[in-house]
Amino acid sequence: MEKRFVYADNAATTKVYPEVVEEMLPYFTEVFGNPSSLHHVGQQAKKALDSARARIADVIGAAPEEIFFTSCGTESDNWAIRGASAVYARVNKIEKPHIITTKIEHHAVLHTFKALENSGYEVTYVDVDENGKVSPEAIVSAIRDNTCLITVMLANNEMGTIEPVADIVKAVKAVRNIPFLTDAVQAVGNIPVNVKDLGVDMLSFSGHKIHAPKGVGCLYIKKGTRLKNLIEGGGQEKGKRAGTEGLANIMGMAKALEISRDRMGEAKELAAKRDRLIKGITSLPDTYLTGHPTDRLPGNASFVFKGIEGESLLFLLSAAGICGSTGSACSSASLEPSHVLTSMGIPVEICHGSLRLSICYETTDEDIDYMIENVKKVVERLRMMSPIYN
Ligand SMILES: *Cc1c(COP(=O)(O)O)cnc(C)c1O
């Protein structure tokens, strides 16, 4: 098979759609005003900003005044966790706040929890099952009198499992009205997401994961949910997250979100390609799919291979033109296996041989064939050289 370039790391970041670039261009040189300026150039920008807010709100089932722009998904997660737990603790006179999340969250959530723990919060990390699923009962049984915030991701970035967030929220709210955040960075753009159906108080997502540019994110904050201000300054984002808005990026994110809604019908074909990829690769011996077999993101195929290192695998695949990703972070000199894979009960040694291939609508059938063939070739080659595989 002739060498190809196959980008299968869409869970890390995506290529910006040409229509998105086109949407953005006027906001660099024509409608370049500051939305806070009173003159007509500023007011033109303000009008565009308002329209983007309304367009984004429309796609996710929110009201425009519930949409807040940030710089990325990480910022949205940090703000929601810190901001909502602080106000809830103050209003309810809770001296030592307790917050709940799961063991499989993105570092944007886990490291924020760690920082809050270091500053005196109590934290609970709830377990998942072997498919990476979080159960509503497990979350509810973690609730204490001093619980000030709960956050569960909508879809996992490493192994693609989709979480029953609507059921979890329903179960939580039956106990008490504790602020609830879902990190929907991987879900938005890939599966239908509606804040009303989910019942969440806050929802975060990011531009660069949905074929919009890097440097822009969003936090949905349900009317009535109170958050501490994130950044003090001008009156932008109702004075809660000051700083002149990145209008071009915001316009791009609105466009990308609309495109993903309009193309949602293609998700079935995408999932069929994903399943063919999974079937092809798991036909190798000592090779396992990670995450839920069916309840997973349409573009996520993730595996563990016995007897090899994920990094060597990536290196050889990259030489063959294939861009994937591994959960094990050996490069950080820590030799830490992925917290997501170990929390599903996968043995540590196998976790080191992990591979995630995240495809998108652009991925062709030929790309799938090429990946299957090359992953097989590379895995067999690495196992032949491996001192631990026989
Ligand atoms: C990428 C990602 C983030 C972080 O978003 P950035 O915009 O890169 O900061 C947070 N959560 C999940 C699940 C992600 O996949």
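The lining of the largest pocket comprises six nonpolar, nine polar and five charged residues. In this classification, Ala, Val, Leu, Ile, Met, Phe, Trp, Tyr, Cys and Pro are nonpolar, Asp, Glu, Lys and Arg are charged, and the others, Gly among them, are polar. The model is predicted: local features need pLDDT of at least 70, side-chain atom pairs count only at pLDDT 80 or more, and totals for chains, interfaces and linings use all residues. Residues are numbered from 1 along each chain as its sequence is written, and side-chain values use heavy atoms, with hydrogens and water left out.

The largest pocket has a volume of about 380 Å³. Pockets were located on a 1 Å grid over the protein atoms alone, as open sets of points with protein on both sides within 12 Å along at least five of seven lines; lining residues have an atom within 4 Å of a point. Points are joined across faces, edges and corners, and the volume is the space filled by probe spheres set on them. The probe is 1.4 Å. The lining of the largest pocket holds 20 residues, with His107, Asn157, Glu158, Gly327 and His339 nearest the centre. Helices H5 (107–118) and H12 (339–343) each supply at least two of the lining residues. Helices (H or I, at least four residues) and strands (E, at least two) are DSSP runs, numbered from the N terminus.

The second largest pocket has a volume of about 230 Å³. It is lined by 14 residues, and Tyr88, Pro179, Gly224, Thr225 and Arg226 are the closest to its centre. H4 gives the most to this lining, with four residues. Five lining residues are nonpolar, four polar and five charged.

A ligand nitrogen lies 2.7 Å from an N or O atom in the Asp183 side chain. Ligand oxygens lie 2.6 Å from such an atom of the Gln186 side chain and 2.8 Å from one of the His208 side chain. The protein covers 91% of the 380 Å² of accessible area (Shrake-Rupley, 1.4 Å probe) that the ligand has on its own.

Note on methods. A polar contact is a pair of N or O atoms within 3.5 Å; within protein, one must be able to donate a hydrogen and the other to accept it, and residues adjacent in sequence count only if both atoms are side-chain atoms.
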